[in-house]
Amino acid sequence: MTVQSQGKPARTQSFHTSATTEDAAATLYTCPANCRAEVTMLLITNVNGNTTVNVNWVDADNPFDATDLSAAILGSKNMTIGEYILFTRATLVLEAGDSLTNTPTSNASPHIDGFCTVTEIFIPVG
């Protein structure tokens with residue numbers, strides 16, 4: 001059973017970001033307050049040159065390690081121009097405040113695009 005099929009109000013949206021500064025993380029998506037989000041598609045594509053790419057899940061409330069709130073989904077992947085990576089057939093569930101980031105390195109003028117499709121399930125307050 002997916003989170004989406006639990007009978008609570010939900011909406012499905014797609015998001016996009018471009019990471020164009022070397023060693024600077026671009027936030028692709030942040031789960032809003034009073035929501036749980038089910039990420040069903042993640043696409044990372046390299047638009048310019050050879051670039052090393054990191055894609056991370058930033059856990060806003062990691063109960064196991066408060067000093068390291070980030071987990072690598074894609075770690076130090078060298079991508080040539082035009083190369084892409086598509087994640088489907090897997091589901092990542094994010095809680096309120098969690099985010100997905102992509103960070104290009106090893107290229108003075110990177111351009112990494114990130115796309116994701118997310119179903120946000122609203123959690124009633126009270």
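Visitor: What makes strand β4 and strand β8 count as a pair?

Guide: Glad you asked! In this predicted model, β4 (residues 51–58) and β8 (residues 99–105) share seven bridges in the antiparallel sense. Pairing requires at least two bridges, so the two strands qualify as a pair. Within this pairing, Thr52 stands opposite Thr105 in β8.

Visitor: Where do these strands sit in their sheet, and what is its order?

Guide: The order is β2-β8-β4-β5, an open sheet of four strands with antiparallel pairing. Because β2 (26–30) and β5 (70–79) each have a single partner strand, they are the edges, and one side of each lacks a neighbour in the sheet. On average, neighbouring strands here are turned by 15° against each other, direction ignored.

Visitor: What makes the lining of the largest pocket nonpolar, polar or charged by class?

Guide: The classes give eight nonpolar, three polar and no charged residues. Among the lining residues are Val39, Met41, Ile73, Phe87 and Thr88. The pocket has a volume of about 150 Å³, and strand β3 (residues 35–46) gives the most to its lining, with four residues.

Visitor: How do you know which residues Leu43 touches beyond its sequence neighbours?

Guide: Contact means heavy atoms within 4.5 Å. Leaving aside neighbours within four places in sequence, Leu43 meets that with Tyr84, Ile85, Leu86, Asp113, Gly114 and Phe115. Leu43 is found in strand β3. From Leu43 to Phe87, the C-alpha to C-alpha separation is 6.3 Å, although they are 44 residues apart in sequence.

Methods: Residues are numbered from 1 along each chain as its sequence is written. This is a predicted model: local features need pLDDT of at least 70, side-chain atom pairs count only at pLDDT 80 or more; totals for chains, interfaces and linings use all residues. Side-chain values use heavy atoms; hydrogens and water are left out. On a 1 Å grid over the protein atoms alone, a cavity is a set of points where a 1.4 Å probe fits but cannot get out, and a pocket is an open set with protein on both sides within 12 Å along at least five of seven lines; lining residues have an atom within 4 Å of a point. Grid points are joined across faces, edges and corners, and a volume is the space filled by probe spheres set on the points. Ala, Val, Leu, Ile, Met, Phe, Trp, Tyr, Cys and Pro count as nonpolar, Asp, Glu, Lys and Arg as charged, and the others, Gly among them, as polar. Axes are lines fitted to C-alpha atoms, for helices over the stretch in contact, and angles run from 0 to 180 degrees between N-to-C directions.
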